[in-house]
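Reader: I am new to this. Please show me how to read a few features.

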Amino acid sequence: MTADMRWRSVIGLEVHVQLSTASKMFCRCEARFGAPPNTLICPVCTSQPGTLPTLNGEALRLGVLAGLALGCTIDPSTKFDRKNYFYPDLPKGYQISQFDRPLCRDGHFKFSTEEGEPREVNIVRAHLEEDSGKIIHPEGVNFSLVDLNRAGTPLLEIVSGPDLHSPDEAMAYLQELRRTLRYAGVADCDMEKGGFRCDANISIMPVDSDTLGTRTETKNLNSFRFVAGALQAEIERQAAVLESGGTVIQETMAYDPDTGKTSVLRSKEDAHDYRYFPEPDLPEFRVDPAWVAELSAGLPELPRARQTRYAVDLGLNKRDADTLVAEKELGDYFEATLELTKKPKETANWLLTELLRLSNDRKLPIHELNTTPARLAELVNLVASGGVSIQAGRLLATAMEEQPGQSAEQLAQSMDLVQLSDDGALRQIVEQVIESESSVVERYRSGNVGLLNALLGSVMKASRGKANPKAARQLLLDTLDS
Amino acid sequence: MLSATSIAARVRSGEFDPQDVTEEAIARLQERDLEVHAYLDPDIERARQLADRVAETLRRGDDPGRLAGVPISLKDNMAVHGATLTAGSKILEGYRAPYDSFVAQRLIAEGAVLLGRTNLDEFAMGASTENSAYGPTRNPWDTDRVPGGSSGGSAAAVAAGIVPVALGSETGGSIRQPAALCGITGFKPTFGSVSRRGLVAFGSSLDVIGPLAAHAQDAALVYDVIAGHDPADATTWTGTRPSATTEKADLEGLRIGIPEEFLDEAVDSRVLESVSTAIKTLEEGGAITKVIPKGALPSMHHSIPVYYLVACSEASSNLARFDGMHFGPTSESKDTLDLLARYCATRADLFGPEVRRRIALGTFALSAGYADAWYKKSLSVRRLILNEFTALFGDYDLLAGPTSPFGAFKIGERSQDAYSMYLCDLLTAPACLAGLPSVSVPCGLARKGTYKGLPVGLSLTGPAGQDHRVLAAARAFEAIRGTPERSPIHGDDA
Ligand SMILES: [Zn+2]
């Protein structure tokens with residue numbers, strides 16, 4: 001029996017998301033990843049004596065948008081607090097954060113498990129805070145270096161309730177959270193760049209119990225893979241402790257991805273007393289409910305709603321709907337194309353096959369391809385109207401990408417891909433086939449109706465593939481039955 | 001020495017050469033500072049450069065501004081780009097500010113000649129300037145005595161007649177108390193009317209920059225220059241601000257209350273005597289004065305503990321950045337790679353005892369399990385004090401009383417007993433907690449007793465935002481009383 005079967009795990013996640021602002025939260029330095037160390041700094045974010053923070057309104061706006069996307073309540077006023085602790089990556093000796101009055105609170109957030117089971121997580125709170133700098137430990141020397149480029153970058157800390165019950169569920173929640181925040185335009189959630197970091201509170205209890213166990217906190221999980229690994233490892237560690245008659249101690253853990261194990265980072269006795277108090281340099285500020293309503297109205301359709309609409313209203317299969325919604329750009333591209341085709345399934349097919357193939361082949365994001373939604377719509381419409389066959393359409397897709405000056409129809413003409421659908425030319429070919437395949441026609445007429453496909457194949461062959469199969473079939477039937 | 005107002009007028013008119021004015025101030029500084037030690041860095045080079053700039057502006061035929069050629073000294077807790085900024089502490093020894101404070105920008109933009117930075121109690125924590133890591137400043141009235149503090153260097157520089165005006169900062173009394181002890185005018189503006197950008201933070205919700213001046217008119221002029229909204233200080237207010245310079249200096253009909261709480265038994269009787277005379281002077285000017293019976297400010301007696309809890313709590317956080325990691329010196333007393341040991345060594349070795357005491361007090365007051373009883377409780381009482389003041393201002397335009405319970409005391413007299421030093425803030429801390437504008441104007445010398453022959457200050461406090469009225473009353477009072485007495489070091493020079 002595995003740990004999963006005897007123990008029920010209770011998981012709450014704290015996610016730190018870097019908001020997509022151009023500048024830092026309390027100074028006007030650029031907020032950007034990858035610049036040479038200590039080049040994006042100023043007196044404020046290096047905490048020179050006498051400097052004061054001023055709030056970046058864009059960070060506030062993005063924080064509110066995120067809260068709305070997570071179904072949170074946004075109170076009409078809020079404030080900042082200081083969280084005091086010493087560390088070399090924290091030049092002020094305190095972090096400006098929010099303590100007892102977070103910008104966003106009491107949200108309800110829906111997601112689905114891998115198996116499609118709906119779940120809901122409570123968002124206890126989401127608050128604004130500034131990021132710290134980064135410490136670099138060069139090899140072979142007895143000193144460390146500090147890079148303050150990241151110091152003061154705006155973060156939103158999103159705290160879920162203890163509502164997740166397996167690593168898989170936690171992963172599904174994180175994926176939906178990431179997708180939602182990207183849709184809302186508040187964050188890139190780029191894990192590589194530290195834009196999406198996670199701490200996990202984990203406890204376990206016997207499956208037949210309803211008494212919560214002692215929880216531990218596992219810190220600094222900076223990739224989805226680490227989150228899954230760390231949760232699994234910590235659940236197993238706690239199960240092993242309890243099964244050997246021990247007790248789980250409330251402590252802070254670290255996960256080592258190399259060993260796949262969690263270990264104690266610090267015990268409860270060493271827990272920081274952050275001595276929170278209201279940030280005296282930033283007065284309480286109003287978050288105008290009318291402004292919040294305006295932001296709420298401007299919020300784009302979020303991925304879960306879009307996915308449901310694609311599956312239910314547009315009749316797309318679940319897999320296609322999932323894929324289209326995974327990245328907002330793809331869904332937006334789909335919407336723009338659909339606007340011009342009004343054919344959801346065909347549009348989805350062409351987009352998910354040919355467009356993604358082009359994007360892959362050329363290593364370009366879809367919005368940088370020559371094939372714009374308008375051009376893809378031309379192709380979808382041309383195929384749907386029978387102007388070219390599906391096979392020809394594929395050739396045409398590549399040609400359209402290579403020759404952006406030519407319309408779909410012009411290219412179909414010049415590549416000799418136009419289907420024969422009109423009576424004249426097609427009728428001639430059908431009649432020729434009926435004449436030359438007289439023995440097959442004989443057997444067909446004597447009841448072997450399955451031979452129609454053989455005759456159709458001959459028509460296609462005679463037309464060198466240009467016959468519209470649907471039209472040819474109808475014409476064959478009409479001629480044979482007359 | 002001439003007033004800042006008349007220096008500026010004569011420089012602007014071409015009657016005075018700004019470079020001559022500056023050289024004279026430099027000469028006074030070099031001679032008199034030997035006795036008072038008001039300056040941590042005279043920074044004469046910068047003064048000469050700024051004077052050259054003013055001269056150049058005049059040569060071009062442009063107006064150098066309202067403070068044209070006026071030598072002004074800054075307390076050494078205000079940033080001047082490229083200049084040292086010690087805050088009176090070893091932990092900032094050799095540090096140079098990488099940017100200008102708002103007040104420095106404003107002064108320079110109006111043609112002021114910044115002349116040096118003045119001594120202070122370390123991180124503005126103290127009431128005697130004895131807590132400076134660079135030695136005490138002496139009172140120009142009696143060099144065996146303290147000038148008050150923490151803006152003691154600025155007060156002494158003005159009282160010694162080196163400069164007509166200097167900037168100080170106040171958290172619990174640090175402008176008005178040294179002004180009173182040095183016989184000059186000191187004005188603490190409404191919290192939020194002067195930007196704190198570039199002021200080394202002590203108690204952020206209390207800290208205010210203001211002028212110390214030989215003449216009330218100069219305090220008003222400098223206040224007008226430095227007050228105003230600063231987008232870089234979110235606590236500055238944006239509303240309109242009437243000029244304190246042109247506001248009519250008239251006491252006629254002004255309702256002035258004297259709360260009995262201001263006449264505490266701790267106040268020296270000779271100080272009270274001078275203040276009583278001053279109140280008669282206010283009446284001569286047409287003011288209607290009334291002693292308000294005890295009970296109008298029932299929470300005032302909590303001011304000292306509340307003030308120290310709030311200011312020290314904030315200070316414990318504000319001073320966390322001085323860790324030897326990012327700027328300033330590092331103690332080398334412990335050769336260790338252990339991070340905590342390095343923090344401890346730097347902060348134990350380079351902060352002075354009073355600063356360490358206040359950090360410890362503030363850290364304790366904010367600690368889990370204690371914050372409710374100490375920090376949060378003190379915020380509630382602070383609100384009560386503000387409400388009580390607000391209620392009084394329904395009936396009175398201004399409140400008057402002594403600025404300091406006593407005159408300039410001897411160097412060393414109180415420095416061994418923290419609580420007796422904290423009592424210096426007894427009468428100033430309440431207006432700081434309430435964020436109110438308050439001025440101390442010289443009201444004569446004590447006639448007898450411990451402080452015989454030493455200056456006494458009258459305090460006038462107004463409602464928030466009425467800085468111009470408070471300063472106008474100070475100007476009117478000075479106009480009736482006449483030019484304040486001058487310290488022996490200042491002498492009679494013109
Ligand atoms: Zn910056």
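**Reading the model**

Author: Start with Met460(A), which sits in helix 15 of chain A, residues 452-462. Helices (H or I, at least four residues) and strands (E, at least two) are DSSP runs, numbered from the N terminus. The model is predicted: local features need pLDDT of at least 70, side-chain atom pairs count only at pLDDT 80 or more, and totals for chains, interfaces and linings use all residues. Residues are numbered from 1 along each chain as its sequence is written, and chains are lettered from A and ligands numbered from 1 in the order in which they are written.

Reader: What does Met460(A) touch?

Author: Contact means C-beta atoms, placed from the backbone, within 7 Å. Leaving out residues up to four places away in sequence, Met460(A) touches Gly465(A), Ala467(A), Pro469(A) and Ala472(A).

Reader: How many residues of chain A contact chain B?

Author: In chain A, 25 residues contact 36 residues of chain B.

Reader: What is the strand order in the open sheet of three strands?

Author: Strands pair if DSSP finds at least two bridges between them. The order is 5-4-15 in chain A, paired antiparallel. Strand 5 (94-97) and strand 15 (277-278) of chain A are at the edges with a single partner strand each, so each has one side without a neighbour in the sheet.

Reader: Which residue is the bridge partner of Arg82(A) in strand 15 of chain A?

Author: Phe277(A). Two bridges join strand 4 (residues 81-84) to strand 15 in chain A.

Notes: Two residues are in contact if their C-beta atoms, placed from the backbone, lie within 7 Å.
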